[in-house]
Amino acid sequence: MPTIPSNEQFVGISASEDLIERGSAQTNSARTIYTYADIQGQSQSAVAKTGVVISFTENEIYNTSGAAGTGNITNDLTGAQLGIVQKLYHQEGSAPSVPAGWVLMGSGTYSTTVLNVIYAEWCEGTRVEYWIVQPA
C-alpha cells in the first residue's frame with residue numbers, strides 16, 4: 001500500500017484522465033506524482049468481529065449495538081500496529097475486567113444498565129489505552 005510522505009505535494013489529476021498504469025513511481029521535477037488509485041488504496045474499512053478478544057492488526061469493530069459482547073475483555077497483541085483504534089460494543093450486569101496493561105483514559109465509567117462502547121488503542125508493549133462511552 002503506498003504511503004504519501006508528509007513532505008510531498010499532492011498533484012490532482014483530471015477525472016477525464018485515464019488512470020490505467022499510472023502509479024507513484026512517476027516523478028515530475030523531482031516530485032512524486034500520486035494518482036487517485038494511490039490515495040484510494042490507503043483507505044481501510046473495518047472488519048466486523050464478534051467476541052471480546054481484541055487484536056490490533058487491522059481495523060475491527062467487535063460485536064454490534066444489537067448484539068453486544070459480554071464477559072471479560074482480553075487481548076492478542078501479536079503483530080499489533082500503532083494507530084489502530086478498535087471499537088467494542090459491550091453490555092453486562094457487571095463491569096468486565098481488562099488486561100493489566102490497559103489504561104483507562106478520561107473519566108468514562110462502565111455502566112451495567114446500558115450499552116457501553118469501548119474504544120481501545122495499542123501504544124507499546126502491553127499498554128493499551130481505552131475509553132468508555134454510552135449512547136446519549
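In this predicted model, the loop between strand 7 and strand 8 (102–104) contains Gly93. Gly93 counts as exposed because its relative accessibility is 63%, and the cut-off for exposed is over 50%. Gly71 lies 22 residues from Gly93 in sequence, with a C-alpha to C-alpha separation of 9.7 Å.

The volume of the largest cavity is about 30 Å³. Its lining is made up of Ile54, Tyr62, Gln86, Lys87, Leu88, Trp102, Ile118 and Ala120. By class, 6 of these lining residues are nonpolar, 1 is polar and 1 is charged.

The largest nonpolar core comprises 15 residues, and Ile54, Phe56, Ile73, Leu88, Trp102 and Ile118 have the most contacts inside it. At least two residues of this core come from strand 9, and at least two from strand 10 (127–133). Ile54, Leu88, Trp102 and Ile118, named here for the core, are also named in the lining of the largest cavity.

Phe56 has contacts beyond its neighbours within four places in sequence; among them are Asp76, Leu77, Gly79, Ala80, Gln81 and Ile84. Phe56 is also in contact with Gln86, Ala120, Glu121, Trp122 and Val128. Of these partners, Gln86 and Ala120 belong to the cavity lining.

Note on methods:
Residues are numbered from 1 along each chain as its sequence is written. This is a predicted model: local features need pLDDT of at least 70, side-chain atom pairs count only at pLDDT 80 or more; totals for chains, interfaces and linings use all residues. Side-chain values use heavy atoms; hydrogens and water are left out. On a 1 Å grid over the protein atoms alone, a cavity is a set of points where a 1.4 Å probe fits but cannot get out, and a pocket is an open set with protein on both sides within 12 Å along at least five of seven lines; lining residues have an atom within 4 Å of a point. Grid points are joined across faces, edges and corners, and a volume is the space filled by probe spheres set on the points. Ala, Val, Leu, Ile, Met, Phe, Trp, Tyr, Cys and Pro count as nonpolar, Asp, Glu, Lys and Arg as charged, and the others, Gly among them, as polar. Helices (H or I, at least four residues) and strands (E, at least two) are DSSP runs, numbered from the N terminus. Buried means under 20% relative accessible area, exposed over 50%, partly exposed in between (1.4 Å probe, protein chains only). A nonpolar core is a set of buried Ala, Val, Leu, Ile, Met, Phe, Trp, Tyr and Cys residues joined through side-chain atoms within 4.5 Å. Contact means heavy atoms within 4.5 Å.
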